[in-house]
Amino acid sequence: MADPPFQDCTGVLVAGGRATRMGGAPKGLLRVGGEPIAARSIALFQRLFGRALVVANDPAPYVGLAARIVPDLLAGRGAPGGLHAALAAAGTPWVFAAGCDMPFLDAAAISWLAARRDGADAVLVRVGGRLEPLHAFWSRACLAPLEGLLARGEPSLRDLAAAVRARIVEEEEWRTVDPALRSLENANTPDDARRLGLEPPEPPTS
């Protein structure tokens, strides 16, 4: 079998949230085509990067996946805390960070972004005027600036993008790769899950 194409990177699922808008059910266990989103994403990361990581404060929903699971190092800091844990734990120069509730991650689109890392500390897409920090590449060069931002307050990952050499892919260019923006879809609420055709998690076995 061929080596993964991007061995300098770890694919990271950020799954640290409490999923309150989903009624507390782990969003990564919502199913697409009968397969949990998290399992689908981890398999994709293994093919692209050769290694995968899950950032989750409750590891139980993800223990069956072929990925290391780490908790936030700084509790209660949301997505910035999740990325901080990922960059600290990954052991590779880069991470590709995605939300655990993104059912349609696409290998071709991720590879296209990966090819735009030269000379940058991060590569992000901007759609509708907003950056997409959880479908993005972040390098270890972002770790120290992120730690500084976290020490000073409650930053967003958009603050981090402004503090490093971020390459921003604008929506018009991104649509040449992902015309319907399908790879950026995520399921925050039950309405989102229904709209995206997702199935509920399988009931736990007794």
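Student: Why is Glu171 called partly exposed?

Tutor: Its relative accessible area is 23%. Buried means under 20%, exposed means over 50%, and partly exposed is in between (1.4 Å probe, protein chains only). The value falls in between, so Glu171 is partly exposed.

Student: What kind of model do these values come from, and how are residues numbered?

Tutor: The model is predicted: local features need pLDDT of at least 70, side-chain atom pairs count only at pLDDT 80 or more, and totals for chains, interfaces and linings use all residues. Residues are numbered from 1 along each chain as its sequence is written, and side-chain values use heavy atoms, with hydrogens and water left out.

Student: What makes the contact between Glu171 and Arg175 a salt bridge?

Tutor: The term requires a side-chain nitrogen of Lys or Arg within 4 Å of a carboxyl oxygen of Asp or Glu. Here the N to O distance is 2.9 Å, so the pair qualifies. Arg175 is partly exposed, at 33%.

Student: How many salt bridges does this rule give?

Tutor: The count is eleven. One of the pairs is Asp8 with Arg117, whose closest N and O atoms are 3.2 Å apart. Asp8 lies in the segment before strand E1 (9-14) and Arg117 in the loop between helix H3 (107-114) and strand E7 (122-127), so the bridge ties together parts 109 residues apart in sequence. Helices (H or I, at least four residues) and strands (E, at least two) are DSSP runs, numbered from the N terminus.

Student: Is Arg117 buried or exposed?

Tutor: Buried, because its relative accessible area is 10%, whereas Asp8, at 28%, is partly exposed.

Student: Why are Asp191 and Arg194 called exposed?

Tutor: Asp191 is at 52% and Arg194 at 57%, so each value passes the cut-off for exposed. The two residues form a salt bridge with closest N and O atoms 2.3 Å apart. Both lie in helix H7 (residues 190-195), three residues apart, about one turn of the helix.

Student: What makes E1 a mostly covered strand?

Tutor: Six of its six residues are buried. In a regular strand the side chains alternate between the two faces of the sheet. Cys9, Gly11 and Leu13 on one side and Thr10, Val12 and Val14 on the other are all buried.

Student: How do you know that E1 pairs with E6?

Tutor: Pairing needs at least two bridges found by DSSP between two strands. E1 and E6 (residues 94-99) have six, in the parallel sense, so they pair. Gly11 has Phe96 as its bridge partner in E6.
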